[in-house]
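The report below moves from totals for the chain to its sheet, its nonpolar cores and a few individual residues. Please read it alongside the sequence and the structure shown here.

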Amino acid sequence: MFSRLREDISSIIERDPAARNAWEVLTCYPGLHAVVVHRWANACWRAGFKWLGRFVSHLGRGLTGIEIHPGATIGRRVFIDHGFGVVIGETAIIGDDCTIYQGVTLGGTSLSKGAKRHPTLGRGVIIGAGAQVLGGFIVGDGAKVGSNAVVVKEVPAGATAVGNPARVVLRKEALDPREQAAARMFAAYGVMPNGDDPLSKALHGLISQVTAQEHQIEAMLAALRNAGIGCQRLEELEKFDPEKLNKLVD
(Lines give C-alpha, C1' and ligand atoms only; values in the text may rest on other atoms or scores of the structure.)
Protein backbone atom coordinates (compact mmCIF):
# COMPACT_ATOMS: atom_id res chain seq x y z
CA MET A 1 0.00 0.00 0.00
CA PHE A 2 2.67 2.51 1.01
CA SER A 3 4.86 1.64 -1.97
CA ARG A 4 1.92 2.37 -4.30
CA LEU A 5 1.33 5.66 -2.48
CA ARG A 6 4.98 6.70 -2.86
CA GLU A 7 4.81 5.76 -6.53
CA ASP A 8 1.69 7.89 -7.01
CA ILE A 9 3.25 10.89 -5.28
CA SER A 10 6.44 10.65 -7.35
CA SER A 11 4.46 10.48 -10.60
CA ILE A 12 2.45 13.57 -9.65
CA ILE A 13 5.60 15.55 -8.86
CA GLU A 14 7.01 14.56 -12.26
CA ARG A 15 3.90 15.69 -14.17
CA ASP A 16 2.77 18.77 -12.22
CA PRO A 17 5.17 21.74 -12.10
CA ALA A 18 3.07 23.25 -9.29
CA ALA A 19 3.85 20.32 -6.95
CA ARG A 20 6.67 21.45 -4.66
CA ASN A 21 7.17 18.43 -2.42
CA ALA A 22 5.71 15.08 -1.37
CA TRP A 23 4.01 16.43 1.76
CA GLU A 24 2.10 19.01 -0.27
CA VAL A 25 0.96 16.35 -2.74
CA LEU A 26 -0.09 13.98 0.06
CA THR A 27 -2.15 16.56 1.93
CA CYS A 28 -3.45 18.93 -0.76
CA TYR A 29 -4.12 16.91 -3.94
CA PRO A 30 -7.74 15.68 -4.18
CA GLY A 31 -6.87 13.53 -7.22
CA LEU A 32 -4.51 11.47 -5.07
CA HIS A 33 -7.08 11.22 -2.28
CA ALA A 34 -9.72 10.05 -4.78
CA VAL A 35 -7.49 7.28 -6.11
CA VAL A 36 -6.61 6.08 -2.59
CA VAL A 37 -10.27 6.04 -1.50
CA HIS A 38 -11.16 4.19 -4.71
CA ARG A 39 -8.71 1.42 -3.83
CA TRP A 40 -10.56 0.88 -0.57
CA ALA A 41 -13.96 1.02 -2.28
CA ASN A 42 -12.83 -1.31 -5.06
CA ALA A 43 -11.49 -3.83 -2.54
CA CYS A 44 -14.91 -3.88 -0.85
CA TRP A 45 -16.66 -4.22 -4.21
CA ARG A 46 -14.52 -7.16 -5.33
CA ALA A 47 -14.98 -8.85 -1.95
CA GLY A 48 -18.75 -8.84 -2.47
CA PHE A 49 -19.54 -5.94 -0.11
CA LYS A 50 -21.25 -3.92 -2.81
CA TRP A 51 -23.10 -1.47 -0.57
CA LEU A 52 -20.01 -0.76 1.50
CA GLY A 53 -18.02 -0.15 -1.67
CA ARG A 54 -20.64 2.31 -2.90
CA PHE A 55 -20.73 4.05 0.48
CA VAL A 56 -16.95 4.44 0.63
CA SER A 57 -17.07 5.77 -2.94
CA HIS A 58 -19.80 8.20 -1.90
CA LEU A 59 -17.66 9.51 0.96
CA GLY A 60 -14.75 9.96 -1.43
CA ARG A 61 -16.96 11.94 -3.79
CA GLY A 62 -17.99 14.28 -0.98
CA LEU A 63 -14.36 14.74 0.10
CA THR A 64 -12.80 15.29 -3.32
CA GLY A 65 -15.55 16.22 -5.80
CA ILE A 66 -14.42 13.25 -7.92
CA GLU A 67 -16.88 10.41 -8.51
CA ILE A 68 -15.39 7.00 -9.22
CA HIS A 69 -17.61 3.94 -9.24
CA PRO A 70 -16.12 1.23 -6.99
CA GLY A 71 -16.34 -1.24 -9.87
CA ALA A 72 -14.01 0.79 -12.10
CA THR A 73 -10.46 -0.48 -12.66
CA ILE A 74 -7.64 2.03 -12.19
CA GLY A 75 -4.00 1.23 -12.95
CA ARG A 76 -0.78 2.48 -11.40
CA ARG A 77 0.43 6.09 -11.32
CA VAL A 78 -2.90 7.52 -12.54
CA PHE A 79 -2.98 11.28 -11.97
CA ILE A 80 -6.32 13.10 -11.68
CA ASP A 81 -5.24 16.75 -11.86
CA HIS A 82 -7.50 19.32 -10.13
CA GLY A 83 -10.20 16.70 -10.59
CA PHE A 84 -13.38 18.49 -9.58
CA GLY A 85 -16.32 17.14 -11.57
CA VAL A 86 -14.57 14.01 -12.86
CA VAL A 87 -16.96 11.05 -13.27
CA ILE A 88 -15.67 7.52 -13.93
CA GLY A 89 -18.23 4.78 -14.60
CA GLU A 90 -18.53 1.23 -13.34
CA THR A 91 -16.97 -0.68 -16.25
CA ALA A 92 -14.29 1.91 -17.07
CA ILE A 93 -10.70 0.65 -17.20
CA ILE A 94 -7.85 3.15 -16.84
CA GLY A 95 -4.35 1.99 -17.73
CA ASP A 96 -1.07 2.87 -16.04
CA ASP A 97 0.35 6.42 -16.22
CA CYS A 98 -2.86 8.05 -17.44
CA THR A 99 -3.64 11.71 -16.71
CA ILE A 100 -7.20 12.99 -16.34
CA TYR A 101 -8.12 16.64 -15.88
CA GLN A 102 -11.13 18.32 -14.26
CA GLY A 103 -14.64 17.90 -15.64
CA VAL A 104 -13.92 14.67 -17.53
CA THR A 105 -16.60 12.00 -17.91
CA LEU A 106 -15.77 8.39 -18.73
CA GLY A 107 -19.38 7.46 -19.32
CA GLY A 108 -21.56 4.77 -20.80
CA THR A 109 -24.17 4.94 -23.53
CA SER A 110 -25.77 1.52 -22.98
CA LEU A 111 -28.42 0.55 -20.42
CA SER A 112 -27.50 -3.16 -20.50
CA LYS A 113 -26.47 -4.34 -17.05
CA GLY A 114 -23.32 -6.42 -17.00
CA ALA A 115 -22.17 -5.15 -20.41
CA LYS A 116 -18.96 -3.19 -20.99
CA ARG A 117 -20.55 0.26 -21.09
CA HIS A 118 -17.62 2.54 -20.31
CA PRO A 119 -14.33 3.25 -22.12
CA THR A 120 -10.97 1.56 -21.68
CA LEU A 121 -7.93 3.83 -21.57
CA GLY A 122 -4.57 2.36 -22.56
CA ARG A 123 -1.24 3.26 -20.98
CA GLY A 124 -0.20 6.90 -20.87
CA VAL A 125 -3.51 8.35 -22.13
CA ILE A 126 -4.20 12.04 -21.44
CA ILE A 127 -7.78 13.30 -21.22
CA GLY A 128 -8.08 17.10 -21.33
CA ALA A 129 -10.38 19.21 -19.15
CA GLY A 130 -14.10 18.87 -19.84
CA ALA A 131 -13.71 16.01 -22.31
CA GLN A 132 -16.48 13.43 -22.54
CA VAL A 133 -15.47 9.89 -23.51
CA LEU A 134 -18.70 7.94 -23.95
CA GLY A 135 -19.00 4.25 -24.80
CA GLY A 136 -17.37 0.87 -24.32
CA PHE A 137 -14.52 1.36 -26.80
CA ILE A 138 -10.73 1.62 -26.44
CA VAL A 139 -8.59 4.74 -26.34
CA GLY A 140 -5.19 3.39 -27.40
CA ASP A 141 -1.86 3.66 -25.62
CA GLY A 142 -0.39 7.16 -25.62
CA ALA A 143 -3.51 8.71 -27.17
CA LYS A 144 -4.65 12.21 -26.20
CA VAL A 145 -8.11 13.72 -25.98
CA GLY A 146 -8.25 17.51 -26.21
CA SER A 147 -10.20 19.68 -23.78
CA ASN A 148 -13.99 19.65 -24.26
CA ALA A 149 -13.81 16.96 -26.94
CA VAL A 150 -16.73 14.53 -27.15
CA VAL A 151 -15.39 11.09 -28.10
CA VAL A 152 -17.88 8.41 -29.11
CA LYS A 153 -15.64 6.02 -31.06
CA GLU A 154 -12.26 4.33 -30.74
CA VAL A 155 -9.09 6.43 -30.74
CA PRO A 156 -5.97 4.71 -32.17
CA ALA A 157 -2.78 4.48 -30.15
CA GLY A 158 -0.70 7.66 -30.33
CA ALA A 159 -3.47 9.71 -31.95
CA THR A 160 -5.12 12.90 -30.71
CA ALA A 161 -8.91 13.41 -30.68
CA VAL A 162 -10.28 16.97 -30.77
CA GLY A 163 -13.63 18.65 -31.34
CA ASN A 164 -17.33 17.81 -30.95
CA PRO A 165 -17.89 15.22 -32.21
CA ALA A 166 -14.22 14.36 -31.87
CA ARG A 167 -12.08 13.96 -34.98
CA VAL A 168 -8.87 11.96 -34.84
CA VAL A 169 -5.52 13.50 -35.72
CA LEU A 170 -2.84 10.94 -36.57
CA ARG A 171 0.69 12.15 -35.87
CA LYS A 172 2.39 11.73 -39.24
CA GLU A 173 4.29 14.98 -39.64
CA ALA A 174 7.81 15.21 -38.24
CA LEU A 175 8.31 17.13 -35.02
CA ASP A 176 11.37 18.76 -33.57
CA PRO A 177 13.33 16.12 -31.57
CA ARG A 178 12.78 18.07 -28.36
CA GLU A 179 9.04 18.24 -29.05
CA GLN A 180 8.98 14.49 -29.73
CA ALA A 181 10.67 13.77 -26.40
CA ALA A 182 8.29 16.08 -24.54
CA ALA A 183 5.25 14.58 -26.24
CA ARG A 184 6.32 11.07 -25.26
CA MET A 185 6.62 12.13 -21.62
CA PHE A 186 3.62 14.41 -21.13
CA ALA A 187 1.26 16.82 -22.89
CA ALA A 188 -0.73 19.02 -20.54
CA TYR A 189 -4.50 19.00 -21.19
CA GLY A 190 -3.92 16.77 -24.22
CA VAL A 191 -2.42 19.68 -26.19
CA MET A 192 0.16 18.55 -28.75
CA PRO A 193 2.73 20.64 -30.70
CA ASN A 194 1.19 21.60 -34.06
CA GLY A 195 -1.87 19.50 -33.19
CA ASP A 196 -4.40 21.48 -35.23
CA ASP A 197 -8.01 20.48 -35.69
CA PRO A 198 -8.15 18.28 -38.82
CA LEU A 199 -11.20 20.20 -40.08
CA SER A 200 -9.28 23.45 -39.74
CA LYS A 201 -6.35 21.95 -41.65
CA ALA A 202 -8.66 20.82 -44.44
CA LEU A 203 -10.25 24.28 -44.74
CA HIS A 204 -6.83 25.97 -44.82
CA GLY A 205 -5.81 23.58 -47.59
CA LEU A 206 -8.92 24.40 -49.63
CA ILE A 207 -8.37 28.14 -49.20
CA SER A 208 -4.75 27.79 -50.35
CA GLN A 209 -5.90 25.76 -53.38
CA VAL A 210 -8.48 28.41 -54.34
CA THR A 211 -5.84 31.14 -53.96
CA ALA A 212 -3.45 29.25 -56.26
CA GLN A 213 -6.22 28.77 -58.83
CA GLU A 214 -7.07 32.48 -58.70
CA HIS A 215 -3.44 33.40 -59.47
CA GLN A 216 -3.44 30.96 -62.37
CA ILE A 217 -6.67 32.43 -63.76
CA GLU A 218 -5.22 35.96 -63.48
CA ALA A 219 -2.22 34.86 -65.52
CA MET A 220 -4.52 33.33 -68.15
CA LEU A 221 -6.65 36.52 -68.35
CA ALA A 222 -3.52 38.63 -68.75
CA ALA A 223 -2.34 36.39 -71.59
CA LEU A 224 -5.72 36.68 -73.32
CA ARG A 225 -5.73 40.46 -73.01
CA ASN A 226 -2.24 40.63 -74.50
CA ALA A 227 -3.54 38.57 -77.41
CA GLY A 228 -6.30 41.14 -77.96
CA ILE A 229 -9.10 39.01 -76.54
CA GLY A 230 -11.34 40.95 -74.17
CA CYS A 231 -12.24 39.26 -70.90
CA GLN A 232 -14.45 40.66 -68.15
CA ARG A 233 -13.55 39.93 -64.52
CA LEU A 234 -16.49 39.03 -62.27
CA GLU A 235 -17.10 41.36 -59.32
CA GLU A 236 -17.37 38.41 -56.93
CA LEU A 237 -13.69 37.62 -57.52
CA GLU A 238 -12.73 41.02 -56.12
CA LYS A 239 -14.34 40.14 -52.80
CA PHE A 240 -12.24 37.00 -52.23
CA ASP A 241 -9.82 37.61 -49.36
CA PRO A 242 -7.86 34.45 -48.42
CA GLU A 243 -6.15 36.07 -45.42
CA LYS A 244 -9.49 37.02 -43.89
CA LEU A 245 -10.86 33.51 -44.46
CA ASN A 246 -7.79 31.92 -42.88
CA LYS A 247 -8.25 34.08 -39.77
CA LEU A 248 -11.89 33.00 -39.52
CA VAL A 249 -10.89 29.33 -39.70
CA ASP A 250 -8.18 29.64 -37.00
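Among contacts in the protein chain (heavy atoms within 4.5 Å) between residues at least 6 apart in sequence, 39% join residues at least 24 apart. The model is a predicted one, in which local features need pLDDT of at least 70 and side-chain atom pairs count only at pLDDT 80 or more, whereas totals for chains, interfaces and linings use all residues. Residues are numbered from 1 along each chain as its sequence is written, and side-chain values use heavy atoms, with hydrogens and water left out.

The protein chain has eight helices and 15 strands, taken as DSSP runs numbered from the N terminus, with at least four residues of H or I for a helix and at least two of E for a strand. Of its 250 residues, 40% count as buried, where buried means under 20% relative accessible area, exposed over 50% and partly exposed in between, with a 1.4 Å probe and protein chains only. The accessible surface of the protein chain comes to about 14300 Å², and 60% of that area belongs to carbon and sulfur atoms; the areas come from the Shrake-Rupley method with a 1.4 Å probe, and for residues only the protein chains shown count as cover.

**The sheet**

Five strands, in the order β1-β4-β7-β10-β13, form an open sheet with parallel pairing, two strands being paired if DSSP finds at least two bridges between them. Because β1 (67-68) and β13 (150-151) stand at the edges with a single partner strand each, one side of each is left without a neighbour in the sheet. The pairing of β1 with strand β4 (residues 87-88) is parallel and runs over two bridges, and Ile68 has Ile88 as its bridge partner in β4.

**Nonpolar cores**

A nonpolar core is a set of buried Ala, Val, Leu, Ile, Met, Phe, Trp, Tyr and Cys residues joined through side-chain atoms within 4.5 Å. The largest has 31 residues, and those with the most contacts inside it are Ile88, Ile94, Ile100, Leu121, Ile127 and Val151. Apart from it lies another core, of nine residues, among them Tyr29, Leu32, Val36 and Phe79.

| Residue | In contact with |
|---|---|
| Ser57 | Ala41, Ile68, His69 and Pro70 |
| Thr120 | Ile93, Phe137, Ile138 and Val139 |
| Ile127 | Thr99, Ile100, Tyr101, Val104, Leu121, Val133 and Val145 |

Ser57 lies in helix α4 (residues 50-64) and is buried, with a relative accessible area of 11%. A polar atom of the side chain of Ser57 lies 2.6 Å from the backbone oxygen of Ile68.

Thr120 has its place in strand β8 (residues 120-121), and its side chain is joined to that of Lys116 by a polar contact of 3.1 Å. Such a contact is a pair of N or O atoms within 3.5 Å; within protein, one must be able to donate a hydrogen and the other to accept it, and residues adjacent in sequence count only if both atoms are side-chain atoms. The C-alpha atoms of Thr120 and Leu106, 14 residues apart along the chain, are separated by 8.9 Å.

**The aromatic pair**

A search of the whole structure finds one aromatic pair. Trp51 and Phe55 form this pair, which is stacked, at 5.1 Å centre to centre and with 10 degrees between the planes. Rings of Phe, Tyr and Trp (its six-membered ring) pair if their centres lie within 6.5 Å, and planes under 30 degrees apart count as stacked, over 60 as edge-to-face and the rest as tilted. Because Trp51 and Phe55 are four residues apart in helix α4, they are separated by about one helical turn. Trp51 is exposed, with a relative accessible area of 62%, whereas Phe55 is partly exposed, at 36%.

Terms used
Lists of a residue's contacts leave out its neighbours within four places in sequence.
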